[in-house]
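Hi,

Here is the structure I promised to pass on. Have a look at it first, and then read on for what turned up.

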Amino acid sequence: MKIISVVGARPNFMKIAPFIHAINAHNGAADGETIDHILVHTGQHYDDCMSRSFFEDLNIPDADINLGIGSGSHAEQVGNTMIAFEKVLQQERPDWVVVVGDVNATCACSITAKKEHVKLAHIEAGLRSRDMTMPEEINRLVTDRLADLLLTPDRLSSENLLQEGVPEEKIRLVGNIMIDTLEAQRSRAEALDPYEIVSQALLPGQADLSPEQKRSVRENRFAAMTMHRPSNVDEQKVLTAILDFLMDEVAADMPLFWPVHPRAQKQMQTFGIWKRALACENLVLMNPLSYHELLRLNMGAQIMLTDSGGLQEECCVLGTPCLTLRWNTERPVTLRDHGGASVLVGNKIESIRNAYRDNVAADCRSTRPELWDGHTAERIVTELLK
Ligand code: UD1
């Protein structure tokens, strides 16, 4: 069987790593059909800190083919990816294309695969925020409408698909593949010194940690955050208000560590608030972190503030109280109401403040969702071979 799997952007890499390792394990066992696997990187993310470091840390082999698409508008990214991926499919003629997650690469390669009459499998199918202003929601809807095999991370996602009329025989509940990576890499992350992580990632212009901050980070008295969604960083009023809250209230309580996504940095510079953020002593701006570094900070943080989907899931498994800086989530199993660790706080300061006060250092007992057990990739390979 010949499979082409596709990655494009940072959140894809921790989802594809376990899949490739499970294929290698299957081929190594040498009973049954072997899988001929080709990894395609669309090149949507290209900076070393957004791409290469994840390949190295998660032991992902170099992509067999890099489409070199780079940044651009959504139409440019999707269109250019389709043009380049069509040529790959015509040359390689795989039995299956496997896509993960919900980025532009996912959507572009799904459409191309179906137009080339290649079977399509979607890992992380069925997530729905029902928020059509999110580009990811459009990518998810298109991909799931086209997929022949829909591999879901939880029961709520399977139910979403059934409600949309997807035939039951196309849906397989396999669990969350990101948690395979978390479980495989947990001990490596645990061994890292959080102070070393922070001090090595400081941005130019950020002073090294003070002795007091150094003590706090080693004693796990700190907050961590990530934020990059257009809904939070693209509007000056919204971004400025959040930044003021972070500086005046969270950083007033404890050091707040923020590895800054290139998009968020660019927007803060455009709005003229970047220098003010750099000057706040207890708000520590950092370069994007590696997978293990961010996982280590998440393990120690008293609270996580984030608009990332993956971090909501990791907080759920680690039990880190998480304020999700969005009004909706496609991952409701991560919410407190479902036994998870997150609360939705949107981007209005009063709502963030109230939840922050309630949750900071809360004793967070989250329950691990069904099949988030570190063995999802093996189940996926079994399903594809069936
Ligand atoms: C993309 C995904 C989003 C995911 C996020 C994780 C889509 C629609 N969005 O958003 O779901 O949560 O990745 O990071 O696919 N840039 C760099 N270096 C890079 C890549 C990007 O500097 O290696 C900058 C460029 O200025 C670029 C901007 O970041 O224009 C945005 O990158 P893009 O890939 O368009 O979207 P993300 O915001 O990263």
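The ligand is surrounded by 20 residues, and the closest of them are His45, Asp47, Asn104, Glu136 and His228. Bear in mind that this is a predicted model, so please read every distance below as coming from that model.

Some side chains come up to the ligand's oxygen atoms. For Gln44, an N or O atom of the side chain is 2.9 Å from a ligand oxygen. His261 places a polar side-chain atom 3.0 Å from an oxygen atom of the ligand, and for Arg263 the corresponding distance is 3.5 Å.

Now the fold. There is an open sheet of 7 strands, in the order β3-β2-β1-β4-β5-β6-β7, with parallel pairing. At the edges sit β3 (65-66) and β7 (171-173), each of which pairs on one side only. Further in, β4 (residues 96-100) and β5 (residues 119-123) are joined in the parallel sense by 5 bridges; Val100 has Ile123 in β5 as its bridge partner.

Two helices that pack on this sheet are worth a look. Helix α1 (residues 10-29) touches β1 (2-7), β2 (36-41), β4 and β5, and its direction is at about 160° to that of β1. Helix α4 (residues 104-115) touches β1, β4 and β5, and makes about 160° with the direction of β4.

Within helix α1 you will find Ala17. Is Ala17 buried or exposed? It counts as buried, because its relative accessibility is 4%, and the cut-off for buried is under 20%. Beyond its neighbours within four places in sequence, Ala17 is in contact with Leu58 and Ile60. Asn59 is 42 residues away from Ala17 along the chain, yet their C-alpha atoms are separated by 7.2 Å.

There is also a pairing between β9 (residues 256-259) and β10: the two run parallel and are joined by 4 bridges. Phe257 stands opposite Val284 in β10. Which way do the side chains of β10 (residues 283-286) point? Leu283 and Leu285 go one way, Val284 and Met286 go the other, and all are buried. In a regular strand, side chains alternate between the two faces of the sheet.

Cheers

Notes:
Residues are numbered from 1 along each chain as its sequence is written. This is a predicted model: local features need pLDDT of at least 70, side-chain atom pairs count only at pLDDT 80 or more; totals for chains, interfaces and linings use all residues. Side-chain values use heavy atoms; hydrogens and water are left out. Buried means under 20% relative accessible area, exposed over 50%, partly exposed in between (1.4 Å probe, protein chains only). Two strands pair if DSSP finds at least two bridges between them. Contact means heavy atoms within 4.5 Å. Axes are lines fitted to C-alpha atoms, for helices over the stretch in contact, and angles run from 0 to 180 degrees between N-to-C directions. A residue is near a molecule or strand if one of its heavy atoms lies within 4 Å of it. A polar contact is a pair of N or O atoms within 3.5 Å; within protein, one must be able to donate a hydrogen and the other to accept it, and residues adjacent in sequence count only if both atoms are side-chain atoms.
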